[in-house]
Amino acid sequence: MRGKETTVYCDNCGRSIPRNKAVAYEKGISISTDLHTENDIRFFERKKVYYCISCGKHKGIFEKKKEQAQRASQRENRY
Ligand SMILES: [Zn+2]
């Protein structure tokens, strides 16, 4: 809808925040079906979460984002 801000919820404190002020962060979750057999199937799921600015700072999201960007560029160099 025009003129209406999309509101997201902080994954940490649950506060509702306008999306343009939220810190988006991609969490990687690995799921393993069975660790002890050879039929182990692993999933790596990416989930996008949002944090409010204060939680983002508190949880070091900005640092993590920097790290992720570095890792991504390293990966690009390798291939
Ligand atoms: Zn928060």
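Predicted model: local features only at pLDDT ≥ 70, side-chain atom pairs only at ≥ 80, totals over all residues.
D40 counts as exposed, with 10 C-beta neighbours inside 10 Å. Numbering starts from 1 along each chain as its sequence is written.

D40 sits in the loop between strand 3 and strand 4. Helices (H or I, at least four residues) and strands (E, at least two) are DSSP runs, numbered from the N terminus. The C-alpha atoms of D40 and I29 are 16 Å apart, at a separation of eleven residues along the chain. T33 belongs to the loop between strand 3 and strand 4. T33 is exposed, as 10 other C-beta atoms lie within 10 Å. Neighbours within four places in sequence aside, T33 contacts D40 and I41. Contact here requires C-beta atoms, placed from the backbone, within 7 Å. From T33 to T6 the C-alpha distance is 36 Å, across 27 residues of sequence.

Strand 3 and strand 4 (residues 42-51) run antiparallel, joined over ten bridges. Pairing requires at least two DSSP bridges between the strands. V23 has Y51 of strand 4 as its bridge partner. Strand 3 (residues 23-32) has ten residues, of which one is buried, so this strand lies largely in the open.

The largest nonpolar core contains seven residues: V8, I17, A22, V23, Y50, Y51 and C52. Such a core is a set of buried Ala, Val, Leu, Ile, Met, Phe, Trp, Tyr and Cys residues, joined through C-beta atoms within 7 Å. Residues up to four places away in sequence not counted, Y50 touches V8, Y9, C10, D11, A22, V23 and A24.

The protein chain has two helices and four strands. Their order along the sequence is β-β-β-β-α-α. The radius of gyration is 17 Å, well over the 12 Å that the globule rule gives for 79 residues, so the protein chain is more spread out than a compact globule. This radius is taken over C-alpha atoms, and the rule is 2.2 Å times the number of residues to the power 0.38. Along the principal axes, the C-alpha atoms fill a box of roughly 50 × 30 × 30 Å. Of the 79 residues, 10% count as buried. Among contacts between residues at least 6 apart in sequence, 48% join residues at least 24 apart.

Methods. Buried ≥ 20, exposed ≤ 12 C-beta atoms within 10 Å, placed from the backbone. Contact = placed C-beta atoms within 7 Å.
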